[in-house]
Amino acid sequence: MNSAKTDIEIVSCEAFDDQRPGTAGLRKKVRVFQQPHYLETFVQATLDALSLPPGAAVVVGGDGRYHNRKAIGTLTRMLAAAGVSRVVVGQDGILSTPAASHLIRKRGANAGFILTASHNPGGPDGDFGIKFNMSNGGQAPERLTNAVYEATKSIREYRLAAFDAPDLSATGTVHCDGVAVEVVDPAEDYVQLMESLFDFDLMREFLGANRVVFDAMNGVTGPYARAILCDRLGAPAADVLNAVPLEDFGGLHPDPNPVDAAELVEIAESSDAPILLGASDGDGDRNMIIGSGHVVSPGDSVAIMLANAHRIPGYSNGISGAARSMPTSRALDAVAEKLGIPCYETPTGWRFFCNLLDDGRIGICGEESFGTSSAHVREKDGLWAFLFWLNLVAATGHSVQRILDDHWTEYGRNYFQRRDYFIEDASAAAALIEDLKGRLPGLPGKHSVAAADRFDYTDPVDGSVSTDQGIRVFLDDGSRIVYRLSGTGTSGATLRVYLERIEVDGDKLGMEADVAFAGLAARAHATARITDFTGLESATAII
Ligand code: G16
């Protein structure tokens, strides 16, 4: 309920025409968000579409990137004007994405706003973003993001409470007119959650004799990793790299992949390499796992987690089902089949897992974009993935390489590679996709193509339909090529081409990616006529 004391300012504005939420909220250049009224119109449209009950509680936090503090001040005042009576916010505005998801659930909050552009670079010339989560802790479903977009087109005014932005530097509750702003330790609840899932005693003992290194990439995870790995499990502080969240990520591109986390890969390849290395991104939801100089492919990682879940205390009672996004390798499907549990194939975007998690249909899920998680939150969780692997290595006494080798021997190896083409002219990218879609019916039967289709998805829980979620080309030998446009960029377009090749021949389980994909990559490039449409002769990035 609005307190009678809360004075509200009503500000007139013009609508913006570029506020369609993407794969995970609205992401734009910082300078775009800095335009007068830009953040406010989007937030007001979201609040209008969300229609929170009077006296609602909302969780707010972000990855600490440039513009976070200012945005949180504005957001708090707008939440107050919308009748919210409690705002739970991380100290200094810091909350990792998975920690925010957990806090929403734990506090029974009605919603959450997470200020982040994920793994995108930060700083005044970098990116900013805002996403909103529902009371289940998961990202808003498509019907709501569509409603928000519609509302942004016709907005004419927004509402702000007339108090000054609260000080977030100390924990405790600050009362701003009718709103209680509760400033919490960002890590406390999350650390307890991890303690409930993993065998901390075993991991502590293991770390007494073995070294692991975690790279927080100057993103939000540093304080969480220090609290768990160092304070609880006894790892030296120096083994959590880039542990202080910085507004510009220290100039790093905080994306845990072999290219952007090259420093970590170098440590993994050194003669005295730690037994396990990991990294997470700007907002702490992505992860990369490395062991014995080998980067574990995200598709293998989630498959191995499912196959070994019985070894981890929080999962030892069994997993009801698993899910992966469509472009993610099908290594997970093979494990699910052996366990006799369902494996769902969803569109790209973590939000598509949330209904399945809420309905108890799945317990573990993952994506090729370095995202893995379980039913403990409704977001992907970078540090959780690292702790899962740490618990697994400690429980088996096996190196990461041994775990991979054993897995491939049992299930075969799903070689996987993503090739990204950055295309300045977004309309050229759209034309390429349209052309390919038009040619799909003619592909099967020629050049070893077994089937080709457009991926549409019907949510098995609520029946909602999401069409045009990518293009799949299946080859006779079980290989697969997937094409889709990224939904997280802030300029131009990025065509993602995903290659998968399944190998069961024991002599071919240790190939280099270049060898494994030599033929398939050229094939994928030619099939989509990439050079014709974009002028690009090769991929901009290979991951
Ligand atoms: C977001 C989504 C993920 C998705 C990823 C890549 O991750 O939450 O589900 O896989 O984007 O999406 P795209 O291929 O459209 O760029 P994050 O970590 O960026 O929030």
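Modeller: What follows is a set of questions and answers on cysteines, single residues, a ligand and a helix. This is a predicted model, in which local features need pLDDT of at least 70 and side-chain atom pairs count only at pLDDT 80 or more, while totals for chains, interfaces and linings use all residues. Residues are numbered from 1 along each chain as its sequence is written, and side-chain values use heavy atoms, with hydrogens and water left out.

Colleague: How many disulfides does the structure hold?

Modeller: A disulfide is counted when a pair of cysteine sulfur atoms lies within 2.5 Å. The sulfur of Cys343 has its closest cysteine sulfur in Cys365, at 10 Å, which is too far for a bond. For Cys354, the nearest cysteine sulfur is again that of Cys365, 7.9 Å away, and Cys354 is in no disulfide. The number of disulfides in the structure is zero.

Colleague: Is Cys354 buried or exposed?

Modeller: The terms rest on relative accessible area, where buried means under 20%, exposed means over 50%, and partly exposed lies in between (1.4 Å probe, protein chains only). Cys343, at 26%, counts as partly exposed. Cys354 has a relative accessibility of 3%, and therefore counts as buried.

Colleague: Which side chains make polar contacts with the side chain of Asn120?

Modeller: With a relative accessible area of 7%, Asn120 is buried. A polar contact is a pair of N or O atoms within 3.5 Å; within protein, one must be able to donate a hydrogen and the other to accept it, and residues adjacent in sequence count only if both atoms are side-chain atoms. The side chain of Asn120 has such a contact of 3.3 Å with that of His119, and another of 3.0 Å with that of Asp127.

Colleague: How much of the ligand's area does the protein bury?

Modeller: An oxygen atom of the ligand is 2.7 Å from an N or O atom in the side chain of Arg27, and backbone atoms also take part, with a polar one of Trp350 at 2.9 Å from a ligand oxygen and an N or O of Gly349 at 3.3 Å from a ligand oxygen. Taken alone, the ligand exposes 470 Å², and the share of this that the protein buries is 100%.

Colleague: Which residue has its backbone oxygen 2.6 Å from a polar atom of the Thr152 side chain?

Modeller: Thr152 is part of helix 5 (residues 142-154), and at 0% relative accessibility it counts as buried. Leaving aside neighbours within four places in sequence, Thr152 is in contact (heavy atoms within 4.5 Å) with Ala15, Phe16, Gln19, Phe42 and Ala45. The backbone oxygen that lies 2.6 Å from a polar atom of its side chain belongs to Tyr149.

Colleague: Ser51 has a positive phi although it is not a glycine; is Ser51 buried or exposed?

Modeller: Ser51, with its phi of about 50°, lies in the loop between helix 2 (38-50) and strand 3 (57-62). Its relative accessibility is 52%, so Ser51 counts as exposed.

Colleague: What is the phi of Asn218?

Modeller: Asn218 is found in the loop between strand 10 (212-215) and helix 8 (222-232), and at 9% relative accessibility it counts as buried. Its phi is positive in a residue other than glycine, with a value near 60°.

Key: Accessible areas come from the Shrake-Rupley method with a 1.4 Å probe; for residues, only the protein chains shown count as cover. Helices (H or I, at least four residues) and strands (E, at least two) are DSSP runs, numbered from the N terminus.
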